[in-house]
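The sequence and the structure come first.

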Amino acid sequence: MANLIELRNIFKIYGEGLESEVRALDGVSLTIRQGEFVAIVGQSGSGKSTMMNVLGCLDIPTRGDYLLAGTDVRELTDKELSRIRNKEIGFIFQQYNLIQTLTVLENVELPLIYQGIKADDRYELALEALDRVGLSKRVKHKPTEMSGGQQQRVAIARAIATKPPIIMADEPTGALDSRTGHEVLEFLQQLNREGTTVILITHDNGIAATARRCVRLTDGKIVEDKEQEVDWF
Amino acid sequence: MNIRQAVKMAWKSILGKKGRSMLTMLGVIIGIAAVMTIVSVMSGYAAKTMEQFSAMGSNKITVNIYSYVYTEDENGNWVPAGKDYFPDLYAYCKSIPQYIVGITPEAYASVNVVYGTKNSANFEWGWDDATNQMTGQYPPDVYYVSDQYSACNNLTITKGRDLGELDVERYNQVCVLGSQAAEVFFGSADPTGKVLQLNGQNFEVVGVYAPRLTGSDAQNSTIDNFILLPYTARRLLGGDRIENFTVKARDGVSTTEVATRIRGFLNGLIDQSTGDSYVSPDDRWQQSMNEQMGMISLVLGGIAAISLLVGGIGIMNIMLVTVTERTREIGIRRAIGAQRSSIVTQFLIEAAMLCGIGGIIGISIGTLGCYVAGNLLFHMTIYPSASVTAGALGFSVLLGLIFGSYPAIKASKLQPVEALRAE
């Protein structure tokens, strides 16, 4: 399979040159192929969230090259980065990050709006995504009227509404009980089986064990990168 | 993201915080209402004044012929030295009909008018603030005029005949009534042939003029409440030598040019050792009145504009707060693909809508303000013109766009990562 993501000697340094300099990413090189299921695991402060931000084009590395599908991300304009976040990547966050003033349907429609899709098609696509997560009956509700698990399913529906080739999930089960967390992970597996590249960021070794490949970060450096048997908890 | 989506989002956000939105709009509401009221009342008043001018007839030239030397006559009264130049001026004006429609003295005759039991000395009048109308009866103005007064003042006869040159020459004791004066003394009866007593002298009514103002315009006007006498009646009824005259130029003829001709004629006529003349086109007075109105409008409008500026700054302030409060939302939107321009559009539209709604409320209040202020200040009902209304709405939206741009740009400059981290 082709290299979808290629990090070459990536640094993310805060306060460079100062005594208080922090190297969140310290010379990271990593290649992720299309269709992989990768867990990036590390303790808090290991740099995994910075990793996710860089991978998700939310943040620009201080140094190093990031090739996404062969394109050097550092050379892209804000508009092009926005387009990549919109079309190529679906984000799932620990805190769901739904907009509270919008309904479930409107939240899922949002990335489609930014894509410029017409209202009718948008409704169809959003409903299809909500149907996949089993929430097509609750489209008029506000996120605050739902349980955490349901909110995360809405967030997943929003992430998959544009049918992106990459899903990035940052501690997607962190705020959920183990049963609903399990459902979320199972859903990510399902997406991966359908061909989506999934990058899962977690501090939990048990959750990392659900991925076929596990990349361990410590102090901004990759200390382990191994293929593993998928282990269900 | 298209505008319709942005409008929908902005509408939700405004409705989501009704109380705050209302307070934010208050500055714009007050500003727009003030501007609307001031501009409309001033322009309405100017328009009504112009209407009255043109009802009396435009293209007029005022002529003063005065004496600065007085002599004692045979009765021991002090009278202006030198001769009365009016007949010469009258003849001159008649000789250039291609320029001049007519010439007439402008002089009040201080006389008491009696017909039957009606005596102008007993008339009482006032103003009813509740109905905003004149009450009682204002006594008619009595003027000494030439036979050309009607031509100078857009008057047409409906009954009987107008004053003639012979009435002047022969000292005829006749008069013609304005429509209101006719109604006051004769009601609906035909006044022609009836005899009025002016200071005890008999004057026969020979004609009645048609009203110049009708309907509500006429209600509070005394423009048609007058009695005209041939100016030679002064011999019988008394009064100083007439010094003020009105010349009416033909339509399309420059009043300045006619004034120059008259000035030239009078300079050659008047003995400069005893008197002089002053000739001035009336539209100059109209012009200066217009300038004054413009000045007042400018000053008041400026004050109102400052209040709008303050309102705009209020909008900017609240939009900045909104951006801070919604930093996380901005982060989410950026993460799922919103471009900077989409964020700018969203907040700009929200500011423009806030101001636009404020503008609409301000226009409603301003319309009411026009009605109230027009009635209180000028006793007339004034409504804002369509162009003022459209302008006010457009301006309020523009205000939102101008003052919303800084917060909107600030929102779009937020880094997605930083914004997502916000609580």
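## Salt bridges

In this predicted model, the count of salt bridges over all chains comes to 29. One of them joins the side chains of Arg63(A) and Glu16(A), with 2.9 Å from N to O. Arg63(A) belongs to strand 4 (residues 63–68) of chain A, while Glu16(A) sits in the loop between strand 1 (3–14) and strand 2 (22–33) of chain A, so the pair ties together parts that are 47 residues apart in sequence. Side chains of opposite charge can pair when their charged atoms come close.

## Interface of chain A and chain B

Chain A puts 24 residues into the contact and chain B puts in 21 residues. About 2,100 Å² is buried between the two chains, and carbon and sulfur atoms give 56% of that area. On the side of chain B, Ile332(B), Ile336(B) and Val417(B) supply 27% of the area that this chain buries against chain A, more than any other three residues.

How many salt bridges cross the interface of chain B and chain A? The rule finds 3. In one salt bridge, the side chain of Arg340(B) meets that of Asp78(A) at 3.9 Å, N to O; the cut-off for such a pair is 4 Å. Polar contact across the interface comes to 7 residue pairs, with both residues at pLDDT 80 or more.

The elements of chain B that give two or more residues to the side touching chain A are helix 1 (3–16), helix 11 (327–335), helix 12 (340–378) and helix 14 (416–421). Helix 11 of chain B gives the most, with 6 residues. By class, this side of chain B has 9 nonpolar, 5 polar and 7 charged residues.

## Sheet in chain A

Chain A has an open sheet of 6 strands in the order 6-7-8-3-9-10, with mixed pairing. Strand 6 (89–92) and strand 10 (221–227) of chain A are at the edges with a single partner strand each, so one side of each is left without a neighbour in the sheet. On average, neighbouring strands of this sheet are turned by 15° against each other, direction ignored.

Strand 6 of chain A pairs with strand 7 (residues 166–170) of chain A in the parallel sense, over 4 bridges. Within strand 7 of chain A, Met168(A) is the bridge partner of Phe91(A). Helix 6 (residues 178–193) of chain A packs on the sheet and touches strand 3 (37–42), strand 6, strand 7 and strand 8 (197–202) of chain A. The direction of helix 6 makes about 150° with that of strand 8 of chain A.

## Strand 14 of chain B

Strands of a sheet pair through backbone hydrogen bonds, either parallel or antiparallel. Strand 14 (residues 201–209) of chain B has the pairings listed here.

| Partner in chain B | Sense | Bridges |
|---|---|---|
| Strand 11 (residues 157–160) | antiparallel | 3 bridges |
| Strand 12 (residues 174–177) | parallel | 4 bridges |
| Strand 13 (residues 195–198) | antiparallel | 4 bridges |

Gly207(B) in strand 14 of chain B stands opposite Gly160(B) and is also the bridge partner of Val176(B). Asn202(B), in strand 14 of chain B, is the bridge partner of Gln197(B). Strand 13 and strand 14 of chain B form a hairpin with 2 residues between them. In the turn, Asn199(B) has a positive phi of about 50°.

Definitions and conventions
Residues numbered from 1 in each chain as written. Chains lettered and ligands numbered in written order. Predicted model: local features only at pLDDT ≥ 70, side-chain atom pairs only at ≥ 80, totals over all residues. Heavy atoms only, no water. Contact = heavy atoms within 4.5 Å. Buried area = accessible area lost by both parts, 1.4 Å probe. Polar contact = N/O pair within 3.5 Å; in protein donor to acceptor, adjacent residues only side chain to side chain. Nonpolar A, V, L, I, M, F, W, Y, C, P; charged D, E, K, R; others polar. Pairing = 2+ DSSP bridges. Axes fitted to C-alpha atoms, helices over the stretch in contact; angles between N-to-C directions.
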